[in-house]
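I opened this notebook to record what I looked up in the structure shown below. The entries follow the order in which I consulted it.

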Amino acid sequence: MSDKVPVTVLTGYLGAGKTTLLNRILSEPHGQKYAVIVNEFGEIGIDNDLVVGADEEVFEMNNGCVCCTVRGDLVRIIDGLMRRKGKFDAIIVETTGLADPAPVAQTFFMDDNVGRKAKLDAVVTVADAKWLQHRLKDAPEAKNQIAFADVILLNKTDLVAPDELSEVEARIRGINPYARLHKTERCRIALPEVLGRNAFDLDRIMEIEPEFLGDGGHHHHDHDHDHDHGNDHGHEHHHDGGLKHYHDEEMQSVSLRTDQPLNPDKFFPWVQDLVQTEGPSILRCKGILSFKDDDARFVFQGVHMILDGDHQRPWQPGEKRESRIIFIGRKLPEDKIREGFAGCVA
Amino acid sequence: MTDPRANIPSVVERTRPVKAGAPVVAAHFLGQTAVFVLGEGALVLAPRAGEARSVPAHGGAILSTAADADRIVTGGDDGKVVAIDAEGHSTTLATDAKQRWIDHVAVGPAGALAWSAGREAFVRTGKGSERTLEVPSTVGGLAFAPKGLRLAIAHYNGLTLWFANAQSEPERLQWKGSHLDVVVSPDGRFVITSMQEPTLHGWRLADRKDMRMSGYGARVRALDFSAGGKWLATSGSTQLILWPFQGKDGPMGKTPRILAPTEVQAEVVACHPKQEVVAVGYADGLVLLVRIEDGAEVLARKGAGAPITALAWNASGTALAVGAEDGEAGVIDLG
């Protein structure tokens, strides 16, 4: 349904610049009205927007699955906000610096009332160019937030030297190679890069493509959009030939691809079983699939053990029919995943 | 497509339409006046004769409502608890000191009132004395027991039972998970909560025995005991689900009665105040009156529109108020 209210989740470790970004979103003349769910009242003071305080209550579901959690406060607040539907165009959820984005995302999949009225648009993570590397070592939350992101603002770039910046960028890529990464000062960015991303929309899984292909050669010249943001440093000319290639010890992505058609009767039991057994360590997964004797592309994505997928559209004439999946998670059993996926070929 | 209900008795032609003009979130009766609570700001009073009129109550969303014979009590995102009478007079009963959302309100015996904001539950007796209790997490729902000043407060990992005029410690009933709406059986023997998962949980208060009522397709958002308390009518399925509470064990070890099957979710249920009849509103706008004994159905509203969001009987059971998500509403006269 198209009349679902889009929800952007803002995460980022303490001091990275979430509030700066939030203030920018609320004060720029974009003609949109936002309902904002904040965790600390009083930090922002924009009169004509709806501002609600959240409690970050993470509730476990009674389904025997420890990673199936929802944000109880969001269930309540979104239900309340929807009574004023029409008074705002979108919702922004600001999380605390220590928050895990997964329960926020899972709320949209697991609560039918929330899922019917609102949809997750993107998880936007603000990272501090100067301090992120330290936080990745000592704060598991910071790593989760990077791993979970659809969009990353590498902020405060003016405070670090160029080699330090490419170092931290490489660290981020080692954890999450497919998020859109923007280098910013004081969160200065063209807002369409942050809002209205549709990153959780199954139709938009192709968005992962530039970085997806990057795991081999790092040719992401994604300056194909929004050339109008002037001196924002927002558009990315990252000719990453010189970018170091890090492998994070703990958090990795595994990307799989095959041009042979898959057998759905093998693939679905495999992926279900994989997320059942490895769900706690899989933060997110996304994929585009080509099944044997099926002329439609199948797209899916998931958070921990929850998977959501559907036929998207027919394969175009001349389009290369291949299947691609990526998993991002903690200590992923890469060999087991590769082996299992290889066994799904029809 | 053939309509399986093309030939059932109908009371649709007895409907007096009311233009609520905005999404209806609840309905009540004050005497013969039907009251439709809107999602934002106001209530619409529709007297039996004469024009319906809008009465402002809150400066924002109306999050919760409850009613006794004389007044409707509403809680808003403006931090206010407001009472409205049949003449449309509104009185602010309380204002939250921190302007928090008033998530839940409940009315009890002898003019008692309860409301909650965040983790705090407030009780005010008919005489005006007030007490506050903080529970372990945000309050999911409130309900008074039929006798005494005893409040059931649902929250994460269980329920708190509080005799609000006694000095005794509140009782905690534990059950893992997030408990939302709560109802107490009319005989006061059972407390039932709806959970974040599509299940109900219940306790028999005499021995605190747990009971689980599961099998739903969706979160149960409507719970209502039948006249006399023999059945608990619930939404959460494409049928009307009724749990038996007539025996001493309640629904323990029993299966529910399943009536009025459709293709879409039942959204709201309202039990007739005198007879064992349930009004059920569905996601496509259909409203059926269902007799529990034999499942006989009467068509009250045709299903071709927005979801039903509110149903209420008047005290004598001669009129049914119906409200929908698109602002369509009406009163069906059955007298």
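**Entry 1. Domain contact in chain A.** I began with the contact inside chain A, where 23 residues of domain 1 meet 21 residues of domain 2. On the domain 1 side, I found that helix H3 (101-110), helix H6 (140-148) and helix H8 (209-217) of chain A each give two or more residues. H3(A) has the largest share of that side, with five residues. I then sorted the domain 1 side by residue class and noted 17 nonpolar, three polar and three charged residues. For the bounds, I recorded that the domain assignment of chain A places domain 1 at 5-242 and domain 2 at 251-342. I note here that the model is a predicted one.

**Entry 2. Helix H3 of chain A.** I asked how many residues of H3(A) are buried. The count is 10 of the 10, so H3(A) is largely enclosed by the rest of the structure. The buried residues include A:Pro101, A:Pro103, A:Gln106, A:Thr107, A:Phe108, A:Phe109 and A:Met110.

**Entry 3. Chain A as a whole.** Chain A has 346 residues, of which 45% are buried. Taking the contacts in chain A between residues at least 6 apart in sequence, I read that 74% join residues at least 24 apart.

**Entry 4. Strands E8 and E9 of chain A.** I next examined a β-α-β unit in chain A, made by E8(A), helix H7 (residues 162-175) and E9(A), and recorded its hand as right-handed. Strand E8 (residues 151-155) pairs with E9(A) in the parallel sense, over four bridges. Within E9(A), A:Arg180 is the residue that A:Val151 stands opposite.

I also asked which residues of strand E9 (residues 180-183) of chain A are buried on each face. A:Arg180 and A:His182 are buried on one side, and A:Leu181 and A:Lys183 are buried on the other, so that both faces are covered.

**Entry 5. A positive phi in chain A.** I moved to the loop between E9 and H8 of chain A, which holds A:Arg186. The phi of A:Arg186 is near 50°, a positive value in a residue other than glycine. A:Arg186 counts as partly exposed because it has 13 C-beta neighbours inside 10 Å.

**Entry 6. Contact between the chains.** I looked up the contact with chain B and found 15 residues from chain A and 22 residues from chain B. On the chain A side, helix H2 (72-81) and helix H4 (112-117) each supply at least two residues. H2(A) gives the most to that side, with four residues. By class, the chain A side comprises three nonpolar, five polar and seven charged residues.

**Entry 7. Seven-stranded sheet of chain B.** In chain B I traced an open, antiparallel sheet of seven strands, in the order E2-E3-E4-E5-E6-E7-E8. Strand E2 (24-30) and strand E8 (90-95) of chain B are the edges; each has a single partner strand, so one side of each lacks a neighbour in the sheet. Neighbouring strands of this sheet are turned by 40° against each other on average, direction ignored. B:His28 stands opposite B:Val35 in E3(B).

**Entry 8. Six-stranded sheet of chain B.** I traced another open sheet in chain B, with antiparallel pairing and the order E13-E14-E15-E16-E17-E18. Its edge strands are E13 (141-144) and E18 (209-213), each pairing on one side only. The twist from one strand to the next averages 45°. Strand E14 (residues 150-163) and strand E15 (residues 171-184) of chain B pair in the antiparallel sense over five bridges. I noted that B:Tyr156 stands opposite B:Ser178 in E15(B).

**Entry 9. Two loop residues of chain B.** I located B:Ala110 in the loop between strand E9 (104-107) and strand E10 (113-117) of chain B. Its phi is near 55°, again positive in a residue other than glycine. Is B:Ala110 buried or exposed? B:Ala110 is exposed, with 10 other C-beta atoms within 10 Å.

I then found B:Thr255 in the loop between strand E21 (240-244) and strand E22 (257-259) of chain B. B:Thr255 counts as exposed because it has 9 C-beta neighbours inside 10 Å. From B:Thr255 to B:Gly79 I read a C-alpha to C-alpha distance of 42 Å, with 176 residues of separation in sequence.

Conventions: Residues are numbered from 1 along each chain as its sequence is written. Chains are lettered from A and ligands numbered from 1 in the order in which they are written. This is a predicted model: local features need pLDDT of at least 70, side-chain atom pairs count only at pLDDT 80 or more; totals for chains, interfaces and linings use all residues. A residue is buried if 20 or more other C-beta atoms lie within 10 Å of its own, exposed if 12 or fewer, and partly exposed in between; C-beta atoms are placed from the backbone. Two residues are in contact if their C-beta atoms, placed from the backbone, lie within 7 Å. Two strands pair if DSSP finds at least two bridges between them. Axes are lines fitted to C-alpha atoms, for helices over the stretch in contact, and angles run from 0 to 180 degrees between N-to-C directions. Ala, Val, Leu, Ile, Met, Phe, Trp, Tyr, Cys and Pro count as nonpolar, Asp, Glu, Lys and Arg as charged, and the others, Gly among them, as polar. A crossover is right-handed if, with the strands pointing away from the viewer, the path from the first strand over the helix to the second runs clockwise. Domain bounds come from an automatic or database domain assignment.
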